[in-house]
Number of protein chains: 2
Amino acid sequence: MTKDIEKGYTSPKTKIGQHKMEVLVASAEELFAEKGFYDTSVADICKHAHTAVGTFYIYFATKTDVYRCLLDKYQAEIKDLLADSIRHCTTRYEKERRGIKCFVKYAVCNPTVYKVIWGSLSIDEKMFHDYYVSFAKSYIYGLQSAKEEIATEDYTTLAYALMGISNFLGLRAIFEQMTDDQIDKMIDDTIMPILSHGTLK
Amino acid sequence: MTKDIEKGYTSPKTKIGQHKMEVLVASAEELFAEKGFYDTSVADICKHAHTAVGTFYIYFATKTDVYRCLLDKYQAEIKDLLADSIRHCTTRYEKERRGIKCFVKYAVCNPTVYKVIWGSLSIDEKMFHDYYVSFAKSYIYGLQSAKEEIATEDYTTLAYALMGISNFLGLRAIFEQMTDDQIDKMIDDTIMPILSHGTLK
């Protein structure tokens, strides 16, 4: 088991270790959502997880490290979900259509995801920066692999624009408690025509 | 002077009162950016503003109220800046072009604005919700008044998509420390053609 300096936390090599770490992260996730990062202590996380405080420090050096681990978990979860949602798509248009819908529906089911991701900016700016730069990198890679289907060659700008669209449609869907049908309609009828043909005359 | 229950803080009626309140908000703004909301106390805000604690409670009931006031200040500032930037534009295309540039440049000059606005989600979800719903309302109003220049009639979805684009281009511009020229180029060469003609073939 080696300390991953870049990540700030230690990835366990045994299944039991992996399980113990996941229990601690799940406990932190619940408490951060309920009481916030600042009103949650390492002792609270351990108590809620029925784990000794000493065990926490095998995996994490600080409370911020468990937050970073939670953010990595969300990123992996979202990337897996998106990859899964576009698995059978044969065009970039269809990938965007399904990917944006998938993200917005995920946001509606997991509204605390914004609190954790955007809240990271107040805890550690580098953590927030790394989250979005890593997300953008994957998006750019996906766009670059569909060059012949995209009019612009500025994939970085397009990736940030698409991330912005998904994130703010997710916010709107949470605010208005939109159903899956309403989300589908918003993306099929408004967003996709904009991405295909534009909207400003 | 009346307590504005909706706002959660009291707007002073005299110039001296207005000045005192502004000094307290400016003090809170500096301390929130430096130490964060949770590590800043009402006593810290007053000490930094050279103001008696009793004065604070004339205007604000809680520390959260001064945060809400700060958020309102940002909203008014951004709306004024945007309104000013598009004052002489005669087309919606030109208004979007200038408005997005204006927001992204403002973000680069005031990167803590994300910390305050997005951080509000962890402090009071309603405050965050009200901020964006109010912002969207203004945007929708502007889009509706240019119906004949916009292909979609779903102005709400378009407003959130455009807010998302501006916000995430602002993030990118901060991450990459973009110059004004680079921001202009990103919007002129990539974003505006997408908004006019789309990008997915």
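**Domains, interface and local geometry**

Mentor: Chain A is divided into domain 1 (3-61) and domain 2 (70-197), the bounds coming from an automatic or database domain assignment. This is a predicted model, in which local features need pLDDT of at least 70, side-chain atom pairs count only at pLDDT 80 or more, and totals for chains, interfaces and linings use all residues. Residues are numbered from 1 along each chain as its sequence is written, while chains are lettered from A and ligands numbered from 1 in the order in which they are written.

Trainee: How many residues does each domain of chain A bring to the contact between them?

Mentor: Two residues are in contact if their C-beta atoms, placed from the backbone, lie within 7 Å. Here six residues come from domain 1 of chain A and seven residues from domain 2 of chain A. The C-alpha centres of these two domains of chain A are 28 Å apart.

Trainee: Which classes of residue make up the side of domain 1 of chain A that touches domain 2 of chain A?

Mentor: The classes are nonpolar (Ala, Val, Leu, Ile, Met, Phe, Trp, Tyr, Cys and Pro), charged (Asp, Glu, Lys and Arg) and polar (the others, Gly among them). That side of domain 1 of chain A has five nonpolar, no polar and one charged residues.

Trainee: At what angle do helices α6 and α7 of chain A pack?

Mentor: Helices (H or I, at least four residues) and strands (E, at least two) are DSSP runs, numbered from the N terminus. Axes are lines fitted to C-alpha atoms, for helices over the stretch in contact, and angles run from 0 to 180 degrees between N-to-C directions. Helix α6 (residues 112-123) of chain A meets helix α7 (residues 125-144) of chain A at about 140°, the axes being 6 Å apart. Angles under 35 degrees count as roughly parallel, over 145 as roughly antiparallel, 65 to 115 as roughly perpendicular and the rest as oblique; α6(A) and α7(A) are therefore oblique to each other. On α6(A) the contact involves I117(A), S120(A), L121(A) and I123(A), and on α7(A) it involves E125(A), M127(A), F128(A) and Y131(A). By class, these are six nonpolar, one polar and one charged residues.

Trainee: How many residues of chain A are in contact with chain B?

Mentor: The interface joins 45 residues of chain A with 45 residues of chain B. On the side of chain A, α5 (92-109), α6, α7, α8 (155-175) and α9 (180-197) each supply at least two residues, and α8(A) gives the largest share, 13 residues. By class, that side of chain A has 24 nonpolar, 13 polar and eight charged residues.

Trainee: Is Q177(A) buried or exposed?

Mentor: A residue is buried if 20 or more other C-beta atoms, placed from the backbone, lie within 10 Å of its own, exposed if 12 or fewer, and partly exposed in between. Q177(A) has 8 such atoms and is exposed; Q177(A) is found in the loop between α8 and α9 of chain A. Most residues other than glycine have a negative phi. Phi of Q177(A), however, is positive, near 45°.
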